[in-house]
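This report goes through the contacts between the chains, the nonpolar cores and the salt bridges of the model shown below.

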Amino acid sequence: MILRALFQIGLLLLLPPLLLGVVNRVKAIVAGREGPPLLQLYLDLWKLLHKGAVYSRTTTWVFRAGPAVGLAAIATAGTMLPVAGQPAIFSFAGDFVLFAYLLALARFATALAALDTGSSFEGMGAAREVSFASMAEPALFLVLVVMARATGSLSLSGMLGPALAPAWRAAAPALLLSAIALFVVALAENSRIPVDDPNTHLELTMIHEVMVLDHSGPDLAFILYGASLKLFLFAALFVRLVADVGVAGIWAAEGVFVVEVIGFALLVGLVESGMARLRLTRVPQMLVGASLLSVFALVLLLR
Amino acid sequence: MILFVILVPLVLGASAFAWPDNRTRPVLLLVGSALHVVGIVSLWTHPEAPVMNGYLFLDAAGKVVVSTSSVLFLASAIYAQGYLRHRSDRDNRVFVGGLLILLAAMTTVGMAQHLGVLWVAIEITTLATAPLIYFNHNAQSLEAAWKYLLVSSLGIALALLGTFFLALSGAGPDGPRSLMLDDLIRAGPQLSRPWVRAAFVFLLVGYGTKMGLAPLHSWKPDAYGEAPGLLGALLAGGITNFAFLSVVRVLQVTSAAGEGAFARDALLGLGLLSMALAAVFMAGQRDFKRMLAYSSVEHMGILAVALGLGGAAVTGAFYHVLNNGLSKGVMFLAAGNIHRAYGSKRTDQVRGAARRLPISGPLFLAGFLAVTGTPPFGPFWSEFMILNGAIGTGRPVVAALFLLFLAVIFIGMGATVLHVVQGSDEGAPGNPGFKDSWLTAGPPLVLMLAVLALGIWLPSGLMGLFSAAARLVTGT
Amino acid sequence: MGAWTDMAFILVVVLDLFLLASSRLGAAIRAVALQGALLSLLALLLTSSGHSLGHMLVVAGGAFFIKAILIPWLMFRAIREMAIRREMEPLVGYVPSMILGGVGVVLSFAFSRGLPLPTHEMHPFLVPTALATVWTGLLLVVSRRKAVTQVLGFLVLENGVFVFGLLLTDFMPVMVEAGVLLDLLAAVFVMGIVMFQINREFASLDTDALSSLKD
């Protein structure tokens, strides 16, 4: 048991940068390039941790605290996520609310740090990011409510635990709709195409990137690592909801989980390669559409 | 004979599309209309049994509406000979063919005893008339045709949904499982009441749109304003009456199912709303054809109020169908003549019509008096019957509102009509080539005389027919 | 079989919501075509007894041909001739339209529980889907500016009525559906003609230009 818990914590800490590597590699291959090595983000993090940070004179402690708070929040949220069918490290009734708000706290800290620089450029990015998040959050909550209603449990571990298989048998269409909505929300929360392009550095098109423009050294390492951790959390949520493969044996289940998460990263990479970024005015429509899909799923469940 | 009356106009309409000569094509209208009148007269003297498995039958209510339209169509067909000769620059293939198909479709509505057949026929009237509104080929008539087509099609789609609801209400194991009017009425109490109620709402909205009841009347001012006067007469005096008949059929079923009170209240509300709206918009109307459209809204409101009151008022309603059909014919045909003579429909440009058109001008004035319910014309008596019904069933508020709206409409319409008819026509724009001729002024004159005659002396046979039709609705 | 029918109904409603959100005319026409195809599939899936299977095949085939092939082809020709590809900002914005559509879906499901069916229930999703689709069609006709989208809204409305008509296939199979298809075909044909004229007259299909007649 202890071994398993340690393995899960290790997975939580060490796997995420690989996901981003997979995403970037897939995008490059589809575009016909060779692409960066899969372990590139690990090397980047290592490099950044050994560098010194440069702080602007206009910033205060908020700027320095931002990345740390963000990473801490996301990591704490990770402890509530059940992995491979086993209950999470912390679980209690209503923990999905805390999960969502910890992610919101991380975003809040990043946005505050961006505003703290006093530059209008970062402020613009923060405004955009936060306004999209305000629409993604109801969508995320609706998905979680659908899952709660379908499985009859108010805790993430309960929702994604043994009650999930019977729920799929009883209400497959509703769960499928909410899974699609969850995928859209995942793309929005992680600032992926079609909501935001992580590779762009043009003024007019940056949303998330511009918020983190001023960070350097270990701060930037925290931010990059936090972003990959957030992607990992959504990946775990999605694959657990969709691909609940009942495999006998603890280590086999963990192995399947790792493969599925990497599959999720593959899917994100393919989606990013296949679509262009949406016009800014169309993003709210997409998110409202995701919310409506979840509402429809809820109606189907409540019928 | 029932089939004859439907097929002859249909065949003639189809051949109108193939007829090569523009100048002689209008004769087909006259032929079709004359044969239609002959057929209807024969059906009066030798009533026929239901045909086609009972789908088509001319009962009392249908007889009133179909006969009115037949007479109106004959007058319009004669008028069309003069009108189309005057507009010989236009290709009248679609116009003549469409009008004949309209006649066939309207007759089918009047004879339909199956709600599905009723619906199909009403749909065909919409599709047949939409291109005709565009006869003048200008931007405004195109706009009017589009709005008419879209709003009417929407209404008819909702009416179809209502028809389905009604069919579903009778679909239970001991229900009639049919859309035949007689089956549904006979099985009234077994129909599922929530579905009948829902059906009535949708059917009232759908067929009410075709009638032009407020608030579903938005297409009327545009369509009647831009259509040629001849078409306006048939729309206002013909199609709206058939839409009223459809509502009557629906009311028959709804009353049999026990939801009559709800239905009548809804009709009363919409009827009063239509009259109120007509009263408001009639004042200061700058286009005398649009004014006539609001008059049509008002009269459909009167018919709806009469249905909503029940009892003796329903007899008045059927009497009013005849009066309304004929007097709208007068108004629209006369208005069409005035429009042609001045080249404009605007009241700030047209005046002195009595001088320029010695028959059509005064006819317009006389028609106004008839349409607003002035004695001794026919509509006075039918509106009086309805008012009597209101007081008789103990609804003084309705009676008071009825009178109030009629008075306001009289004032509003009177200002416009008097301005158009009286005065001198010096300086008014004009079309000097257009004068009153027998073909263009004769038909409205004859119709006006008929309206006057109906007011002075109503044959007891007709009154008996109206009572029989009312009995179908009230079930007594 | 049950799961496929469920998915078909759900997909019809999802397409409704998609239509409310879409501003690209080509995508909207394809969505309506897909909806029509789904409906003809549903007509086949919901056939209960064997002897009416022949009728249903005809109806389903006719529905598929008219709704999924013929009418979309006409609409595509229309937008190609008039060289329009996008809707303009509608009277009710996209997000409010979607929300109204969502509300309509919720209310349809709520109301259909209050209306007990006299016949045996063919499928619990049938009435709510029909009502939601009718509501979507109405919204589209009322709130969109381009004539083409208004016609698409009318098509969606007819789709909703068609779904409802499937309930009656037990005892009046052909007449009901034939009526709907006839209406659809004739209406779209005439609307198409009027649209061509509108485009010729106004050089656009923007119905804002059709607002000179008023009191």
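## Chain interfaces

Between chain B and chain C the rule finds 0 salt bridges, a salt bridge being a side-chain nitrogen of Lys or Arg within 4 Å of a carboxyl oxygen of Asp or Glu. The model is predicted, so local features need pLDDT of at least 70 and side-chain atom pairs count only at pLDDT 80 or more, while totals for chains, interfaces and linings use all residues. Residues are numbered from 1 along each chain as its sequence is written, chains are lettered from A and ligands numbered from 1 in the order in which they are written, and side-chain values use heavy atoms, with hydrogens and water left out.

The interface of chain B and chain C also holds 1 residue pair in polar contact, both residues at pLDDT 80 or more. A polar contact is a pair of N or O atoms within 3.5 Å; within protein, one must be able to donate a hydrogen and the other to accept it, and residues adjacent in sequence count only if both atoms are side-chain atoms.

On the chain B side, two or more residues each come from helix 5 (115-133), helix 6, helix 8 (193-211), helix 9 (219-226) and helix 12 (288-309). Helices are DSSP runs (H or I, at least four residues), numbered from the N terminus. Helix 6 of chain B gives the largest share of that side, 20 residues. By residue type, the side of chain B that touches chain C divides into 26 nonpolar, 10 polar and 7 charged. Here Ala, Val, Leu, Ile, Met, Phe, Trp, Tyr, Cys and Pro count as nonpolar, Asp, Glu, Lys and Arg as charged, and the others, Gly among them, as polar.

Of the 2 pairs of chains that touch, chains B and C have the most contacts, where contact means heavy atoms within 4.5 Å. The table sets out both pairs. Buried area is the accessible area (1.4 Å probe) that two parts lose on being put together, summed over both.

| Pair | Residues in contact | Buried area | Share on carbon and sulfur atoms |
|---|---|---|---|
| Chain B and chain C | 43 residues of chain B, 46 residues of chain C | about 3,900 Å² | 79% |
| Chain A and chain C | 17 residues of chain A, 20 residues of chain C | about 1,500 Å² | 82% |

In chain A, the residues that lose the most area to chain C are A:Leu292, A:Phe296 and A:Arg303, together 38% of what that side buries. Helix 9 (172-189) and helix 13 (282-302) of chain A each supply at least two residues of this side. Helix 13 of chain A gives the most, with 12 residues. The side of chain A that touches chain C is made up of 12 nonpolar, 2 polar and 3 charged residues. Between chain A and chain C there are 0 salt bridges, and 1 residue pair is in polar contact, both at pLDDT 80 or more.

Chain A and chain B are not joined by any contact; their closest C-alpha atoms lie 20 Å apart.

## Nonpolar cores

A nonpolar core is a set of buried Ala, Val, Leu, Ile, Met, Phe, Trp, Tyr and Cys residues joined through side-chain atoms within 4.5 Å. Buried means under 20% relative accessible area, exposed over 50%, and partly exposed in between (1.4 Å probe, protein chains only).

The largest core has 338 residues, and those with the most contacts inside it are B:Leu99, B:Trp146, B:Phe318, B:Phe364 and C:Phe164. Helix 6 (residues 139-169) of chain B contributes the largest share of this core, 19 residues. B:Trp146 touches residues of chain C, including C:Ala147, C:Met191, C:Ile198 and C:Leu210. Another core lies apart from the largest one and has 6 residues, among them A:Ala111, A:Ala114, A:Met211 and A:Ile223.

## Salt bridges

Over all chains the structure holds 20 salt bridges. One of them pairs A:Arg107 with A:Glu189, with the closest N and O atoms 2.9 Å apart. A:Arg107 lies in helix 5 (residues 95-116) of chain A and A:Glu189 in helix 9 of chain A, so the pair ties together parts that are 82 residues apart in sequence. A:Arg107 counts as buried at 9% relative accessibility, and A:Glu189 counts as buried at 5%.

In chain B, B:Asp59 forms a salt bridge with B:Arg249, again with the closest N and O atoms 2.9 Å apart. B:Asp59 sits in the loop between helix 2 (26-45) and helix 3 (60-86) of chain B and B:Arg249 in helix 10 (residues 229-256), 190 residues apart. Both residues, B:Asp59 and B:Arg249, are buried.

B:Asp91 and B:Arg93 form a salt bridge whose closest N and O atoms are 4.0 Å apart. B:Asp91 is partly exposed, with a relative accessible area of 48%, and B:Arg93 counts as partly exposed at 28%. In chain A, salt bridges that share partners join A:Arg107, A:Glu137, A:Glu189 and A:Lys230 into one network.

Key. Lists of a residue's contacts leave out its neighbours within four places in sequence.
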